[in-house]
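Me: I am new to this structure and would like to learn how to read its features one at a time. Could you go through them with me?

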Amino acid sequence: KRREGPMTKVVLPELGEGIQKATVSYWYFKEGEKVNEKDDLVELTTDKATFNLPSPSSGILSEIFIHEGDAANVGEALAIIE
């Protein structure tokens with residue numbers, strides 16, 4: 001049975017300066033944990049910088065697609081928050 005409620009994709013934003021991808025270095029939450037909007041959700045590293053991506057919404061971090069050590073492209077979903 002599918003859980004009800006809206007789902008929010010956590011998407012890798014535009015990074016500027018021709019950077020097309022970032023590597024996930026650290027998830028601050030585990031799957032199934034509650035997150036609040038604007039919480040630091042995931043730490044990402046590019047060739048030039050390390051930065052934190054805040055949670056776009058409050059809810060449960062239901063699924064992580066890009067795990068620590070893996071790279072994501074700009075626009076790619078990193079995780080789902082329900």
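Me: Which residue in β7 is the bridge partner of K21?

Reply: Strands of a sheet pair through backbone hydrogen bonds, either parallel or antiparallel. Here the bridge partner of K21 in β7 is N73, and β2 pairs with strand β7 (residues 71-73) in the antiparallel sense over 3 bridges. Strands are DSSP runs of E with at least two residues, numbered from the N terminus, and two of them pair if DSSP finds at least two bridges between them. Please keep in mind that this is a predicted model, in which local features need pLDDT of at least 70 and side-chain atom pairs count only at pLDDT 80 or more, while totals for chains, interfaces and linings use all residues. Residues are numbered from 1 along each chain as its sequence is written, and side-chain values use heavy atoms, with hydrogens and water left out.

Me: In what order do the 4 strands of the open sheet come?

Reply: The order is β1-β8-β6-β3, with antiparallel pairing, and the edge strands, each pairing on one side only, are β1 (8-11) and β3 (34-35). Between β1 and strand β8 (residues 77-81) there are 4 antiparallel bridges, and V11 has A77 as its bridge partner in β8.

Me: Which residues have the most contacts inside the largest nonpolar core?

Reply: A nonpolar core is a set of buried Ala, Val, Leu, Ile, Met, Phe, Trp, Tyr and Cys residues joined through side-chain atoms within 4.5 Å, where buried means under 20% relative accessible area, exposed over 50%, and partly exposed in between (1.4 Å probe, protein chains only). The largest one has 18 residues, and those with the most contacts inside it are V10, W27, L41, V42, L44, L61 and L78. The elements giving two or more residues to this core are β2 (21-27), β4 (40-45), β6 (59-64) and β8.

Me: How many salt bridges are there by this rule?

Reply: A salt bridge is a side-chain nitrogen of Lys or Arg within 4 Å of a carboxyl oxygen of Asp or Glu, and the count comes to 2. In one, K48 meets E17 at 3.4 Å, N to O; K48 lies in the loop between β4 and β5 (50-54) and E17 in the loop between β1 and β2, 31 residues apart. In the other, K38 pairs with E37, their closest N and O atoms being 3.4 Å apart.

Me: Why does K38 count as exposed?

Reply: K38 counts as exposed because its relative accessibility is 63%, whereas E37, at 41%, counts as partly exposed.
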